[in-house]
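Here is a short note on the salt bridges. Please read it alongside the structure.

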Amino acid sequence: AAKRAGANRYTEHTAEMDSTAQHDADLAAALRRGLDMGEFRLVYQPIVELPGGRITGVEALVRWHPPDGPPVSPAEFIPVAEQTGLILDLGLWVIETACADAARWQHRHGAGAPRVNINVSARQLLDPDLPDQVASTIARYRLDPDKITLEITETAVFGGGAALNTVHDLRDLGVGVALDDFGTGQSSLTLLRTCPVTTLKVDKSFIDELNGTAEQEAIATSLSTIAATLGLRAVAEGVETQAQASRLEALGYRYAQGYFFAKPGPAALIDAALEAPVVID
Ligand code: C2E
Ligand code: MG
Ligand code: MG
Ligand code: MG
C-alpha cells in the first residue's frame, strides 16, 4: 500500500509539473504572438512631490490584453517572459514606447516634464547590448537622459558581475538608476557602496506598516535619511491613504507613489494631468 501511495504521489507530482510546464509554454507562445500582434500597452503611474502632489515623475508599467481573454497581470507574465528570454524583445518595446511618450512630454513641458521610470529585469541587465540600445533610443528622441530612470531590483545586481557593469554603463549615459522594492533584497545596504544608483524606491511593505509601531517608523525614517545622506532620492511606494502621506512627509520623504495619489493609467491621462495639474493637499 505504501509503495502504491508513493507511486501515486510520484504520478501526481509529474502530472502537476507537466501542467505547470505546459501552462508556461502556452503562455510563452501567447506572449510571443501578443508581441507580434501589438497586444501590449503601457500605463503610467504618477510619482508626486510631498507636499502638494505635483507630478514629478511617472513609472511605466506594462499591460497585456489578449484579444480572447481577460488582461493578464505582469506578475504572471513577466517571470515567464524572463525564463524564455522574450523579456529582451518585450523590454525593448517598453523602452521604445516609454521614450516616445517621454519625448512628447519633454516637447510640451521642457524642464518641467516628468521623469519617466522604466522597469528593467535581471535578464535585460545581463544583455551586453542594453546600454547601446538605451543610448540610441534616447538619442533618436533627443531626450534629456536625466529624464529617464531605469528601475532595477537588488537581486539583479546582487553579486556584482556583468549586471553591475551594465549599471555603470547606463549611469555613464546620464540616465538615472533606481533600486526598486528597496529593503526587500538580500543586501540592500552593501549594494549602496558598489551600485551607482540615483534613487531608492522604498518598498511598499515599509510604507504599509507606517501606522503601526515605533520600530516601523524608525525604519522608514532611517531609509529616507540614508538616501538623503548619500544624495539619493527616496520614493515611498504603495501609498494608499492620506494618513500615510502625511506621516511620510513628516518623516522627510519628498516623493511618493501609490493609489492614494493616482492609479496607473494610459499616457493620455498623464497628458491631461500635466495640462491641468490637480493639487492634493
Ligand atoms: P513594481 O515595479 O514594484 O511596480 C509597482 C507595482 O505596484 C505596480 O503593479 C503598481 O500598479 C502597484 N501599485 C502602485 N501603487 C500601489 C498601491 O498604492 N497599492 C498597491 N496594492 N499596489 C500599488 P503592476 O503594474 O501589477 O506591476 C507589478 C510588477 O511587474 C512591477 O512591480 C514590476 O516588477 C513588474 N513590471 C511591470 N511592468 C514592467 C515592465 O515594463 N518591465 C519589467 N521588467 N517589469 C515590469
Ligand atoms: Mg518598478
Ligand atoms: Mg516598485
Ligand atoms: Mg514592487
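**Note on the salt bridges**

1. Basis. This is a predicted model: local features need pLDDT of at least 70, side-chain atom pairs count only at pLDDT 80 or more, and totals for chains, interfaces and linings use all residues. Residues are numbered from 1 along each chain as its sequence is written, chains are lettered from A and ligands numbered from 1 in the order in which they are written, and side-chain values use heavy atoms, with hydrogens and water left out.

2. Overall count. The whole structure holds 14 salt bridges. The term means a side-chain nitrogen of Lys or Arg within 4 Å of a carboxyl oxygen of Asp or Glu.

3. Glutamate 59 and lysine 201 form a salt bridge, N to O 2.9 Å. The pair links distant parts of the chain: glutamate 59 lies in strand β2 (residues 55–64) and lysine 201 in strand β6 (residues 199–202), 142 residues apart. Strands (E, at least two residues) and helices (H or I, at least four) are DSSP runs, numbered from the N terminus. Glutamate 59 is buried at 5% relative accessible area. Lysine 201 is buried too, at 0%. Buried means under 20% relative accessible area, exposed over 50%, partly exposed in between (1.4 Å probe, protein chains only).

4. A helix-to-helix pair. Arginine 104 and aspartate 271 form a salt bridge, with the closest N and O atoms 3.0 Å apart. Arginine 104 sits in helix α3 (residues 87–109) and aspartate 271 in helix α12 (residues 267–275), 167 residues apart. Arginine 104 is partly exposed at 25%; aspartate 271 is buried at 14%.
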